[in-house]
Amino acid sequence: MFGPVGQAKSSSLLDEYSSLLSDAVMRHRARAAEHSARVEAEIANKMKSEFISNMSHELRTPLNTIIGFSKLLAEHEQRPLGGKEVAEYGALIHDAADHLLAIINDILEISKLQSGKYTLEKRQTNIGEILAGAVKSYQMMASEAHVDFKTDIAPDLPTTRGDPAKLRQIFMNILSNAMKFTPANGMIAVTARPSADGGVLIAIRDSGLGMSAEQIDIALTPFGQVDSSRSRWREGAGLGLPIAKALVELHGGLLELRSKKGSGTDVVMAFPADDNVNAPAPAETQSHAALTP
Ligand SMILES: Nc1ncnc2c1ncn2[C@@H]1O[C@H](COP(=O)(O)OP(=O)(O)OP(=O)(O)O)[C@@H](O)[C@H]1O
Ligand SMILES: [Mg+2]
């Protein structure tokens, strides 16, 4: 169809088109890369400002309570207060200060855990008793919130080695999340039984909001909260879960989250047999099998 001149012309046209096309592809790629870098930077910025606003809110709320009510108490000569009001304001100040101390302790705890210089006081421990104690603190709250609370702690659990205060802290942190993220008419179930390797397997399940796989990663990161927007109604600093996981691991155990958005969350913890406390945690690949209740 083309003569020699036509052929040369068409091949130079093809060359031209192909170089135009490759330029266009390059430009498109550059734009896409620039766009995704911008989107990533925007997401990072948004997370940073949400984090700062959430933490300021977490710290300011109890501080404002303390400042406001202590002022009223201090001015009681100008504006007399009844005995009931004095007791009520005193209790509010006390609770707010307690809450502030808990946040500060958590911040110190996570930085200590991350520094790798954390030491546990390990002794022979009845883990079932500690779990039952933590459950008791939440049972009343669950019934007030119309959440069904089931407990099944096997009576023949083997003793483990650990730090009772830290074990309690682990269970309280996980139970506090189950309570916080399970709406009325939901369910929380706590089970504990001996594991095949002589340790103890504990599961705390809830029928609450649940999380996607990416959200689980966020939740396990210090200060990470799945919904940290301003509309957030559940308080917290985003430290309970990473602290619990690090403390379980310091006991030589494993903590795993299984969850699906909208279908509740299972937190499964495997504590090793008494003589395994100082053994390193099993490899990631073994964790699933070890944690299957
Ligand atoms: N059982 C759960 N169901 C649904 N979401 C959860 C659950 N547990 C944790 N999360 C999500 O993971 C986030 C991190 O949990 P974590 O316990 O570390 O922090 P927090 O509860 O927000 O605050 P803190 O425990 O420090 O008071 C929560 O804010 C929530 O978004
Ligand atoms: Mg929490």
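Trainee: Is Tyr138 buried or exposed, and what is its relative accessible area?
Mentor: This is a predicted model, in which local features need pLDDT of at least 70 and side-chain atom pairs count only at pLDDT 80 or more, while totals for chains, interfaces and linings use all residues. Residues are numbered from 1 along each chain as its sequence is written, chains are lettered from A and ligands numbered from 1 in the order in which they are written, and side-chain values use heavy atoms, without hydrogens and water. Buried means under 20% relative accessible area, exposed over 50%, and partly exposed in between, with a 1.4 Å probe and protein chains only. Tyr138 therefore counts as buried, since its relative accessible area is 11%.

Trainee: Which residues is Tyr138 in contact with, leaving aside its neighbours within four places in sequence?
Mentor: Tyr138 belongs to helix 3, residues 127–144, where helices (H or I, at least four residues) and strands (E, at least two) are DSSP runs numbered from the N terminus. Contact means heavy atoms within 4.5 Å. Once neighbours within four places in sequence are set aside, the residues in contact with Tyr138 are Phe149, Met172, Leu175, Ser176 and Met179.

Trainee: How many Å separate the C-alpha atoms of Tyr138 and Ala178?
Mentor: Along the chain, Tyr138 and Ala178 are 40 residues apart.

Trainee: Which helix gives the largest share of the shell around ligand 1?
Mentor: Ligand 1 is surrounded by 19 residues, the closest being Asn177, Lys180, Asp206, Gln225 and Leu239; a residue is near a molecule if one of its heavy atoms lies within 4 Å of it. Helix 4 (164–180) and helix 6 (240–250) each supply at least two residues of this shell. The largest share, three residues, comes from helix 6.

Trainee: What do the buried residues of helix 6 pack against?
Mentor: The residues of helix 6 that are buried are Leu241, Pro242, Ile243, Ala244, Leu247 and Val248. The elements against which the buried residues of helix 6 pack are helix 2 (83–115), helix 4, helix 5, strand 6 (254–259) and strand 7 (265–271).

Trainee: How much of the accessible area of ligand 1 does the protein cover?
Mentor: Among the atoms that come within 3.5 Å, the cut-off for a polar contact between N or O atoms, an N or O atom in the side chain of Gln225 is 2.7 Å from an oxygen atom of ligand 1. On the backbone side, an N or O atom of Gly238 lies 3.0 Å from a ligand 1 oxygen, and a polar backbone atom of Gly240 is 3.2 Å from one. On its own, ligand 1 has an accessible area of 600 Å² (Shrake-Rupley method, 1.4 Å probe), and the share of it that the protein covers is 92%.

Trainee: Which residues does Ile216 touch, not counting residues up to four places away in sequence?
Mentor: Ile216 lies in helix 5 and counts as buried because its relative accessibility is 11%. Its C-alpha atom is 8.4 Å from that of Arg258, although Ile216 and Arg258 are 42 residues apart in sequence. Not counting residues up to four places away, Ile216 touches Met211, Leu257 and Ser259.

Note on methods. A polar contact is a pair of N or O atoms within 3.5 Å; within protein, one must be able to donate a hydrogen and the other to accept it, and residues adjacent in sequence count only if both atoms are side-chain atoms.
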